[in-house]
Amino acid sequence: MTWILDNLGLILNLTVVHLRQSVIALVLGIVVAVPLGRFAWRYRLVRGPVILLTGLLYTIPSLALLILLPALFGYSATSESNLVAALTIYAVAILVRSVADGLDAVDADVRRAATAMGYAPARRFWTVELPLAAPVILAGVRVAAVSTIALATVGTLIGVTNLGYLFTNGLDRRLIEEVFAGVVAVVLLAILVDVLLVLLGRLLMPWQRATNGRAKRSRATGTAGVSA
Amino acid sequence: MNLFSDAVRWLTDPEQWTGSYALPTLLGQHLLYTVLSVLIAAVIAVPAGWLIGHTGRGREVAVAISGAARAIPSFGLLILLVLLFGVLQVPAAALVTFVLLGIPSLLAGAYTGIEAIDRRVVDAARAMGMTPWQVFWKVEFRLGLPLLIGGLRAATLQVIATVTIAAYVNLGGLGWPIIQGIPLRRFDQVLAGAVLVAGLALIVDLLFALAQRAAVPAGVRAAGGGRQDAEPRGRRRPASRARLNTPVVSRQHSE
């Protein structure tokens, strides 16, 4: 425990950096994946290629992607933005599917009702479809968040500092405690972000609990309940 | 794009094809570690997953394991085990890491494969007088196979990615040109290694995709279903209960 206590400051600093890198990648991932997922959902023909392409990118091991991206687009491999770009791609790969699946889950009748009430497609998307798809998207965001945080540690191999530094440094110094502290910090950070996402979901989707409760009740009374 | 031509030049240099770090040797190491650890993980996880799927007991444990595994940084786990085992036992420590990393996906693939089967099918099999063993072997195993292969696919890709990083602890494999080249700033070598690793992963992924498709029983395919297909990539899926109910098989990507 002595190493951990002596280096709490370092661990905290690295955690903050790690969190920053992961959050930026996650937010960028959401920003890209929502329009892309909607596009893929809307046009059957592009859905296949979009899911396939993001799936293929997801298949490429991170260390290889961290080298290939800068080589293709001509920027420095050892920069923090390179790591964030690669993490963003992985997040997009997870999220595009969730967005398309979430939009699938929106009841067609609800969509038609919104159209009949005069909602233009854009307004219908933001005010009706996206909120109804949100639970499925949130599930995807949680998966993406946790795996992004774990994955970011690879950045240390291309010289980007974050909690992964504790692994390489710990190996060099043969300090089991340091490596252990790194693993625990990453896992705790992932759990913390996951819990925050769940809470955020409750805050942003207060209707979800209400509908769930109602669905349970109506199922009990025999009417068809729709659980979100 | 002269970076890429440099990489090609490095790849075709005869120097890369001889000696103890020859490319075929590195590929062999990569494949050996991957196959061995996925097999060991399968021997442990698949029967356990089937048991969970068949009996419906212990489901929460399986879900918790596959969820929690996502949060563990494989690179950190690798180095932790290397230090715990002692630096002389690197291959053993690495193998244990890979096995541990492969287990969650395989467990999830095995149990969701059985769990996703329509209960009426199993009831019908039982009503026809099949013994529990026959129900498992003739119905549950066959119908669950595509999802199991999906789990195998996820586990294998996960291990391939982690073996790449394991070059950092001198395990060899195709990650070696990358890991060794970065501090030396030998970008031809680094890029060539990255291309090889990416190529290996994509080829393996393609083979598993084909296997998954082939594993859908003819009857299910004829029924227009493909409902047991684990990763209906690019195919439109029946709406509703798309992801939420079976999110566990979603490919886990770590390092």
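Arg185(B) sits in the loop between α8 and α9 of chain B, where helices (H or I, at least four residues) and strands (E, at least two) are DSSP runs numbered from the N terminus. Its phi is positive, about 55 degrees, although Arg185(B) is not a glycine. Most residues other than glycine have a negative phi. Arg185(B) counts as exposed because it has 10 C-beta neighbours inside 10 Å. Here a residue is buried if 20 or more other C-beta atoms lie within 10 Å of its own, exposed if 12 or fewer, and partly exposed in between, with C-beta atoms placed from the backbone.

The model is a predicted one, in which local features need pLDDT of at least 70 and side-chain atom pairs count only at pLDDT 80 or more, while totals for chains, interfaces and linings use all residues. Residues are numbered from 1 along each chain as its sequence is written, and chains are lettered from A and ligands numbered from 1 in the order in which they are written.

A second residue of chain B with a positive phi is Asn170(B), with a value near 60 degrees, and it too is other than glycine. Asn170(B) lies in the loop between α7 (132-165) and α8 (176-184) of chain B. Asn170(B) is partly exposed, because 14 C-beta neighbours fall inside 10 Å.

Another loop of chain B, between α1 (2-12) and α2 (23-55), holds Gln16(B). Gln16(B) has 17 other C-beta atoms within 10 Å and is therefore partly exposed. Leaving out residues up to four places away in sequence, Gln16(B) touches Trp10(B), Leu11(B), Ala22(B) and Leu23(B); two residues are in contact if their C-beta atoms, placed from the backbone, lie within 7 Å. Gln16(B) is 161 residues from Pro177(B) in sequence, and the two are 10.0 Å apart in space, C-alpha to C-alpha. Val35(B) belongs to helix α2 of chain B. Val35(B) and Gly49(B) are 14 residues apart in sequence and 20 Å apart in space, C-alpha to C-alpha. Val35(B) counts as exposed, because it has 12 C-beta neighbours inside 10 Å.

The model has ipTM 0.86 and pTM 0.85. Chain B has a mean pLDDT of 86, with 87% of its residues at 70 or more; pLDDT is the predictor's confidence in each residue, from 0 to 100. Over residues 226-251 of chain B pLDDT stays under 50, and the model has 63 contacts beyond four places in sequence for them.

Chain A has ten helices and zero strands. Its C-alpha trace spans about 65 × 45 × 25 Å along its principal axes. Of its 228 residues, 43% count as buried. Among contacts in chain A with a separation of 6 or more, 69% join residues 24 or more positions apart.

Within chain A, the axes of α8(A) and α9(A) come within 8 Å and cross at roughly 165 degrees. Axes are lines fitted to C-alpha atoms, for helices over the stretch in contact, and angles run from 0 to 180 degrees between N-to-C directions. The two helices are therefore roughly antiparallel to each other; angles under 35 degrees count as roughly parallel, over 145 as roughly antiparallel, 65 to 115 as roughly perpendicular and the rest as oblique. In this pair, Leu166(A), Phe167(A), Asn169(A), Gly170(A) and Leu171(A) of α8(A) meet Glu178(A), Val179(A), Ala181(A) and Gly182(A) of α9(A). By class, this contact has five nonpolar, three polar and one charged residues. Ala, Val, Leu, Ile, Met, Phe, Trp, Tyr, Cys and Pro count as nonpolar, Asp, Glu, Lys and Arg as charged, and the others, Gly among them, as polar.

Between the chains, the contact takes 47 residues from chain A and 47 residues from chain B. On the chain A side, the residues divide into 32 nonpolar, ten polar and five charged. Leu63(A), Ala64(A), Ile67(A), Leu68(A) and Ala71(A) of α4(A) make the contact with Val190(B), Leu191(B), Ala194(B), Val197(B) and Ala198(B) of α9(B). By class, this contact has ten nonpolar, no polar and no charged residues.
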